[in-house]
Every structure is written in C-alpha cells, then in structure tokens.
Amino acid sequence: MHVIPVMDVKDGRVVRAAGGDRRAYQPWRSPICPNADPLEAVAGFLRLRPFATLYIADLDAIERRRPQDELLWSINNRYPGIKIWLDSGLTAKQAAERSQNQSWLFHVLGTESMKDDDDTHGLKGHILSLDFRKRGLLGPLDLQFDPALWPENVIVMSLDNVGSKSGPDKTVLAATRSNSPNTRIYAAGGIRNLADLIELQGLGIDGALIATAFHDGTLGRADIDAICGP
C-alpha cells in the first residue's frame, strides 16, 4: 500500500483538518510539528519513514488568497526526492496552464472546487479527488459514475471523516473500486490505525492519505512498515 502523509497549510502554518470546516482549523501542535511549521512537519514525517510522496492542501490558494508557492519550492530544495501532490483548488484548464516541467509537482483536481460546467475531460495526467460529503459527491456528478474520465490516480476524499477518528468510508471506497478495477484508488479521511489500513487493502484500495493518525501517534513507523514493507 502507498501511504502518503498530508499537510493542510493555511497562512504558512500546518493546521489540523476536521470535518472539512476550514474556518475551524487550528495550527497543529504535535511531535510531528511542535510549532506548526511546514518544514518541521515534513521532517517529522520523514522520521517515520522516507516517504516518496507528500500531499499538500494549500488552503490559501483554495480560498483564493495568495498561494504558498514559496513553501513548495522550499520543500523541493530541501527534499528534492519527494513528489508533491498539490491541491490548490485548480480546474483542469487552470492546471494545464500552470503545469511546467516540474517532475516533482502533481496537481490534485478536487471536485469540491469544480462547477457543473467545468471541462471534466482534461483530467488525464493529473490526480482526481472525488470529494464526498454524507449527502454525496461535491461537484459534477458525472465524474462519480464515468471512470472513462478518470486519470490514473483517484483520491476518494470523505470530508466528513477528516480528522474525526471515525474510520474511512468503506462503502464509498468499495463502490469506487468496483467502478474501475484498473484505477489506483487512494482513501482519505478518518483512517485511524493499522487495522484500518489492512481492511482497506482487503478492499483493493491502493493507498491512503493520512495526517491525524501520524500526529497523535496511533500510526507509527512499525505500522507503516507492516503495511508498506520495510
């Protein structure tokens, strides 16, 4: 299983995501990042394991404020081997316009940021995040049921479960998995421990995006080695 640590960044600080209510996010204070500093957080994640990929939600960019471009370049300069999956609220058209020859940066296109009339045929080469609330998918509904539109990597983001320690939404994950057996599916939201990861692996889920379980210590180095291999 491909495990990816997550940083939600707002005003230059790593914040604790909870239920997708960004107004309530507060800076993290944990052994991973005692001062909510993003570079400290990356170092903290890498103490657990030499992760190859990092997911960053640039909440400033998503909320149409100044994006955290300087931070991205700082991470790349300090840790040039890490790939960054970046959610900055872009549409497929905007991602295509901004994509440059940066082999380390991959745009995450979240349905939460999409309108029904956005072009959903330009997702190839990016990462799609299917953003769910309990009431269903946010954004264009055709993306949930038409895997022909999906890129190679798809995140199933259960926003109500984020930071909740309630476990992943296995029903939505299993349905997404069955829609496209050959797509790489990543679970996000609510993952608590090794048992959750093992259960997701049994559902055929290829990877998991994790923040809270790393910060609070319910997922440690031995757990990640057990699911990912030494």
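Two residues are in contact when heavy atoms lie within 4.5 Å of each other. That term runs through this report.

## The model

This is a predicted model, where local features need pLDDT of at least 70, side-chain atom pairs count only at pLDDT 80 or more, and totals for chains, interfaces and linings use all residues. Residues are numbered from 1 along each chain as its sequence is written, and side-chain values use heavy atoms, with hydrogens and water left out.

## Overall build

The protein has 9 helices and 11 strands. Its radius of gyration is 16 Å, close to the 17 Å from the globule rule for 230 residues, so the protein is as compact as a globular protein of that length. The radius is taken over C-alpha atoms, and the rule is 2.2 Å times the number of residues to the power 0.38. Helices (H or I, at least four residues) and strands (E, at least two) are DSSP runs, numbered from the N terminus. The C-alpha atoms fill a box of roughly 40 × 40 × 35 Å along the principal axes.

Buried residues make up 54% of the 230 residues. Buried means under 20% relative accessible area, exposed means over 50%, and partly exposed is in between (1.4 Å probe, protein chains only). Take the contacts with a separation of 6 or more: residues 24 or more positions apart account for 64% of them.

## Surface and charge

The protein exposes about 10,500 Å², and carbon and sulfur atoms supply 49% of that area. Accessible areas come from the Shrake-Rupley method with a 1.4 Å probe; for residues, only the protein chains shown count as cover.

There are 26 positive and 29 negative side chains. The centres of the two sets lie 4 Å apart. Lys and Arg count as positive, Asp and Glu as negative; His and the chain ends are not counted. Each charge is placed at NZ of Lys, CZ of Arg, CG of Asp or CD of Glu.

## Helix H1 and its partners

Helix H1 spans residues 38-48. Its buried residues are Pro38, Leu39, Ala41, Val42, Gly44, Phe45 and Leu48. These pack against strands S1 (2-10), S2 (13-16) and S4 (53-58), and against helices H3 (69-78), H8 (212-215) and H9 (221-228).

Asp37 caps the N-terminal end of H1. A side-chain oxygen of Asp37 lies 3.0 Å from the backbone nitrogen of Leu39. Arg221, in helix H9, touches Arg47 and Leu48, not counting residues up to four places away in sequence. Arg221 and Asp116 are 42 Å apart, C-alpha to C-alpha, and 105 residues apart in sequence.

Is Arg177 buried or exposed? Arg177 has a relative accessible area of 12%, so it is buried. This residue lies in helix H6 (residues 170-179). The side chain of Arg177 reaches the backbone oxygen of Gly204 at 2.9 Å. That is a polar contact: a pair of N or O atoms within 3.5 Å, where within protein one must be able to donate a hydrogen and the other to accept it, and residues adjacent in sequence count only if both atoms are side-chain atoms. Leaving aside neighbours within four places in sequence, Arg177 is in contact with Asn182, Thr183, Ile185, Leu203, Gly204, Ile205 and Asp206.

Thr91 lies in the loop between strand S5 (83-87) and helix H4 (92-98). Thr91 is buried, because its relative accessible area is 17%. Neighbours within four places aside, Thr91 is in contact with Leu109 and Asp118.

## More loop residues

Ala17 sits in the loop between S2 and strand S3 (26-27). At 9% relative accessibility, Ala17 counts as buried. Beyond four places in sequence, Ala17 is in contact with Asp8, Tyr25, Val162 and Gly163. Gly139 is in the loop between strand S8 (136-137) and helix H5 (142-145). With a relative accessible area of 24%, Gly139 is partly exposed. Gly139 touches Thr111, Met114 and Asp116, not counting residues up to four places away.

Most residues other than glycine have a negative phi. Arg64 has a positive phi, near 65°. Arg64 is in the loop between helix H2 (59-62) and H3, and at 56% relative accessibility it counts as exposed. Lys165 also has a positive phi, near 60°. Lys165 is in the loop between strand S9 (153-158) and H6, and is partly exposed at 46%.
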